[in-house]
Amino acid sequence: MKVLTPKETVRELDRFIIGQDDAKRQVAIALRNRYRRSQVEEGLRDEIFPKNILMIGPTGVGKTEIARRLAKLANAPFVKVEATKFTEVGYVGRDVESIIRDLVENAVRMVQKEHEERVSARAAVLAEDRLVTLLTSPPIKQAANPIDILLRGRKAEPEPTEEEQLKISGRKASILEQLRKGELEDRELEIEVEDSMPQLEVGGASINIGDVMGGMMPKRTKLRRVKVKEARKILMEEEAQRLIDMDAVREEAIKRAEQHGIVFIDEIDKIAGRGSAQGPDVSREGVQRDILPIVEGSVVNTKHGAIRTDFILFIAAGAFHVAKVSDLIPELQGRFPVVVTLKSLTKEDFVRILTQPDNALTLQYQALLKADKVNLTFEEEALSEIAQSACNLNDLGENIGARRLHAVFEELLEDISFHAGDEDMPEVDLTITAQYVRDHVKAAKKPDLHRYIL
């Protein structure tokens, strides 16, 4: 994958996120510094640590989206956590090391998928061979009685005669031809699949009993009756699993998580003390002290191996409406040297959000309603009214940023969404005008507050 320059990274982020240029510049620089660090000689490289970022801004302005899109651009393992879900050691709740364990799990899934894609062609051939065998000679159902299984195991299967072998070969060739033509896709067959082991819930996480026993328990299988097209997917996954080296996957995943991992810690202001050392503030400070070693750099043991957190990029975010950055413990403040403030969204920002991004809300609703034969278009004045409605609602109530647009769109298109979808309904072209927005959205006009003043 091409290594992007900071300018290219910002341009890519602009495709999905409107405004917040300062935050985009900082994350783009942090991403490029990783490449620069990799070009430094090894002795000095270990002394260069990432400069973690603290984003300050109200909800709905793009903090999470910037971090998520950055990880996608860099093809880096990513995990988003909320600081409020963690508790001080000794209390019931998640412990902070689970952040790094989740990051490693995401890295393993990412690398495993890449390795499976590399062997997909070979896995498809092997899966096709197994499908042909299953269609010519279905598997024998296992006896329920263990004694019958043992007795059956002692019986030697008779070898097929030369004539039978020729018949089987001819049948296989015929079935293979039909498979490749797609004539057997809806035919049902029985396939033997691995039966998942029971899961235990411990501390909010699921633990596989097979993993706990260290793989000593034999794998259980069961017969499933599925169509050929589904069986092909199952067999391809099994063959891909056999072809890839899981030890190499784990080794690469840990290295990628260590060198390229991104951890986004949201709601960090909720664990900041507020000038009081009583009540829940003590627990808040305890969570900060537990997070500190992870951010500073430590070794965390996971089921895939030990991982160092020194070079993981941490991005923390919070609204800081009540608490201030100075309410965080000084040691934690020092580990987030880059502080960037995100701005509240204006009406002009809302209009740009509705028109410019690749995943704009207008495009999403047009695609949704097109499934029910409604071709939706928006006039420019209508988009301006929608943006004004979102601003009015944010001014009158809680400011939830761009998320307010979802509420406005649901109110605006409620009647259309409800009545669309009848089987005998013809294709309809519908244009949303400014007047339609004013008629269907209560907050389209800002209320006159002067009448409440005596």
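This is a predicted model: local features need pLDDT of at least 70, side-chain atom pairs count only at pLDDT 80 or more; totals for chains, interfaces and linings use all residues.
**Helix H15**

- On the buried side of H15 you'll find Leu 361, Thr 362, Tyr 365 and Leu 369.
- Those four cover an arc of only 100 degrees around the axis, so they end up on the same side of H15.
- The cover over the buried residues of H15 includes H14, strand E12 (374-378), helix H16 (380-396), H17 and helix H18 (414-419).

- Leu 383 sits in helix H16, and with a relative accessible area of 8% it is buried, since the cut-off for that is under 20%.
- Setting aside neighbours within four places in sequence, Leu 383 is in contact with Val 351, Leu 354, Thr 355, Thr 362 and Phe 378.
- Thr 362, one of those contacts, is also one of the buried residues of H15.
- Beyond its neighbours within four places in sequence, Asp 349 is in contact with Ile 18 and Ser 344.

**Nonpolar cores**

- The largest nonpolar core has 54 residues, and the ones that touch the most other members are Met 55, Ile 315, Ile 386, Leu 412, Leu 413 and Ile 432.
- Helix H16 gives the most to this core, with 6 residues.
- Take Ile 432 as an example: leaving out neighbours within four places in sequence, its contacts are Leu 376, Thr 377, Phe 378, Glu 379, Ala 382, Leu 412, Leu 413, Ile 416 and Val 437.
- Two of those contacts, Leu 412 and Leu 413, are themselves among the core residues that touch the most other members.
- There's also a second, separate core of 40 residues, with Ile 56, Val 104, Ile 268 and Val 300 among them.

**The second largest pocket**

- This pocket holds about 750 Å³ of space.
- Its lining is made up of 30 residues, and Gly 60, Gly 62, Glu 65, Ala 402 and Arg 403 lie nearest the centre.
- Helix H4 (63-74), helix H15 (361-370) and helix H17 (404-412) are the elements that give two or more residues to the lining.
- H4 supplies the largest share, 3 residues.
- By type, the lining divides into 12 nonpolar, 10 polar and 8 charged residues.

**Positive phi angles**

- As background, most residues other than glycine have a negative phi.
- Glu 267 is partly exposed, with a relative accessible area of 25%.
- Phe 320 isn't a glycine either, and has a positive phi of about 55 degrees.
- Its spot is the loop between strand E10 (313-318) and helix H13 (330-334), where Phe 320 counts as buried at 11% relative accessibility.

Definitions and conventions. Residues are numbered from 1 along each chain as its sequence is written. Side-chain values use heavy atoms; hydrogens and water are left out. On a 1 Å grid over the protein atoms alone, a cavity is a set of points where a 1.4 Å probe fits but cannot get out, and a pocket is an open set with protein on both sides within 12 Å along at least five of seven lines; lining residues have an atom within 4 Å of a point. Grid points are joined across faces, edges and corners, and a volume is the space filled by probe spheres set on the points. Ala, Val, Leu, Ile, Met, Phe, Trp, Tyr, Cys and Pro count as nonpolar, Asp, Glu, Lys and Arg as charged, and the others, Gly among them, as polar. Contact means heavy atoms within 4.5 Å. Buried means under 20% relative accessible area, exposed over 50%, partly exposed in between (1.4 Å probe, protein chains only). The arc is that of the directions from the helix axis to the C-beta atoms. A nonpolar core is a set of buried Ala, Val, Leu, Ile, Met, Phe, Trp, Tyr and Cys residues joined through side-chain atoms within 4.5 Å.
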